[in-house]
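Keep the 3D view open as you read.

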Amino acid sequence: MKVTRVGLVLGGGGVTGASYEIATLMAVQLATGWNPDSAEVVVGTSSGAFVSALVRHDSLTLDSLVHPGDERSDVAERIRGHLYQRGGKRNVGKWVRHGIAPGLRRPGVTLFMGSPAPYHSQGLAQWVASQIGEDAASTWPDKPTAIVAYDIESRQRAAFGTANHPEAGLAEAVAASTAIPLLFRPYPIGGRLYVDGGVASGTHADLVLGHDRPLDLVLIVAPMAADLNRKRALVHEKMFDRVGRKSLDEEIALIRDAWPHCDVVTLTPSPSVQNAMRPNPMDAGRAVPTFMRTLISMKRKLAQPEVWSLLSDHLETAVHRSRAG
């Protein structure tokens with residue numbers, strides 16, 4: 001029987017991005033029987049880091065978003081409670097040293113690195129622990145998993161779970177990966193400060209190349225790399241998608257260059273799903289509408305011949321292999 005090795009990449013996209021990824025993976029599993037946790041390697045950035053933690057601990061269920069008896073407002077309020085936690089000291093000195101000074105020399109997004117912010121991302125770490133358990137949250141998955149943040153001092157991505165990066169518990173790494181500049185303060189791990197991995201790229205798909213064997217399929221779920229924008233898209237939406245697509249295209253080119261026989265499937269939100277997700281991807285009130293709209297959209301997306309031919313070939317084969325084992 002053919003052996004299929006699958007890599008899974010989960011990109012950033014805020015609250016609605018996480019909702020989109022949860023619904024997408026559930027739809028893929030329903031369609032093929034493939035369990036995302038069986039992926040040879042998982043790469044998660046920002047909201048995708050949170051979903052990666054769920055994937056690696058078999059917690060990717062409807063309960064991870066909606067509890068029995070919940071109204072839509074209950075879901076939104078619970079998400080806000082986890083995300084928007086205040087407290088702690090705002091370190092202006094570190095912003096001057098790591099953000100303003102370098103940003104004046106090379107203007108750009110680095111100007112905001114380490115900036116004071118109203119919230120801290122510890123609530124994200126606590127949310128992870130509530131979903132997968134304290135023990136799992138404080139350790140690292142046994143299977144290859146990379147959670148990507150951005151080191152504001154070295155100005156480089158930091159892929160926790162890979163060689164040459166500080167050890168951290170899974171919940172800590174997720175908190176670092178989701179610390180959006182200006183909204184969340186940098187997250188400290190091992191004496192260094194980290195912010196959202198999306199600062200460097202929304203996906204970091206090329207990290208799958210660190211796997212010790214070539215993969216047969218890389219499945220990429222990218223909430224902020226849409227090919228087609230909705231009609232009422234605002235300027236910042238188009239910009240994020242354009243930048244996200246550019247980075248992702250470069251990463252896919254690296255994968256195909258290194259592994260010529262590896263297939264790549266990228267799933268991004270359709271215009272109808274974007275209408276539920278945007279314009280504010282951090283709007284907790286849009287989580288449930290995004291989830292529902294994504295499930296509807298995925299029925300059409302997965303049925304497209306160019307998508308289904310690859311997913312059915314690789315993922316159904318992977319299911320048969322795991323059952324045979």
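The structure holds two cavities of 30 Å³ or more. A cavity here is a set of points, on a 1 Å grid over the protein atoms alone, where a 1.4 Å probe fits but cannot get out, and lining residues have an atom within 4 Å of a point. Volumes are the space filled by probe spheres set on the points, with grid points joined across faces, edges and corners. Before going further: this is a predicted model, so local features need pLDDT of at least 70 and side-chain atom pairs count only at pLDDT 80 or more, while totals for chains, interfaces and linings use all residues. Residues are numbered from 1 along each chain as its sequence is written, and side-chain values use heavy atoms, with hydrogens and water left out.

The largest cavity has about 200 Å³ of space. It is lined by 18 residues, and the closest to its centre are Gly14, Val15, Ala18, Ser47 and Leu83. Helices α1, α2, α3 (72-83) and α5 (122-132) each give two or more residues to that lining, and α1 has the largest share, with five. Helices (H or I, at least four residues) and strands (E, at least two) are DSSP runs, numbered from the N terminus. By class, this lining has 12 nonpolar, six polar and no charged residues; Ala, Val, Leu, Ile, Met, Phe, Trp, Tyr, Cys and Pro count as nonpolar, Asp, Glu, Lys and Arg as charged, and the others, Gly among them, as polar.

The second largest cavity has a volume of about 50 Å³. Its lining consists of Met224, His236, Glu237, Phe240, Asp241, Arg278, Pro279 and Pro281. That makes four nonpolar, one polar and three charged residues. Pro279 is worth a click: the peptide bond from Arg278 to Pro279 is cis, with omega near 15°, and Pro279 is found in the loop between α9 (271-277) and α10 (287-303).

What about open space? The largest pocket has about 880 Å³, where a pocket is an open set of points with protein on both sides within 12 Å along at least five of seven lines. Of its 33 lining residues, Ile180, Gly198, Val199, Met224 and Phe240 are the closest to its centre. Helix α8 (residues 235-258) gives the most to this lining, with six residues. The lining splits into 18 nonpolar, 14 polar and one charged residues.

Now back to α1 and α2. The axes of α1 (residues 14-32) and α2 (residues 47-56) come within 8 Å and cross at roughly 35°; axes are lines fitted to C-alpha atoms, for helices over the stretch in contact, and angles run from 0 to 180 degrees between N-to-C directions. The crossing is right-handed, meaning that the near helix is turned clockwise from the far one by less than a right angle. Gly14, Gly17, Ala18, Glu21, Ile22 and Leu25 in α1 meet Ser47, Gly48, Val51, Leu54 and Val55 in α2, with contact meaning heavy atoms within 4.5 Å.

How enclosed is α2? Of its 10 residues, 10 are buried, so α2 is largely enclosed by the rest of the structure. Buried means under 20% relative accessible area, exposed over 50%, and partly exposed in between (1.4 Å probe, protein chains only). The buried residues of α2 pack against β1 (6-10), α1, β2 (41-45), α5, β3 (145-151) and α7 (170-177). Helix α7 is mostly covered too, with seven of its eight residues buried.

Asp58 has a positive phi of about 50° although it is not a glycine, and with a relative accessible area of 57% it is exposed. Arg155, in the loop between β3 and β4 (156-160), also has a positive phi, near 60°. At 24% relative accessibility, Arg155 counts as partly exposed.

One last stop is Leu315 in helix α11 (residues 305-324). Leu315 counts as buried because its relative accessibility is 0%. Leaving aside neighbours within four places in sequence, Leu315 is in contact with Val6, Val28, Thr32, Trp34, Leu217 and Leu310. Leu217 is 98 residues away from Leu315 in sequence, yet 8.7 Å away in space, C-alpha to C-alpha.
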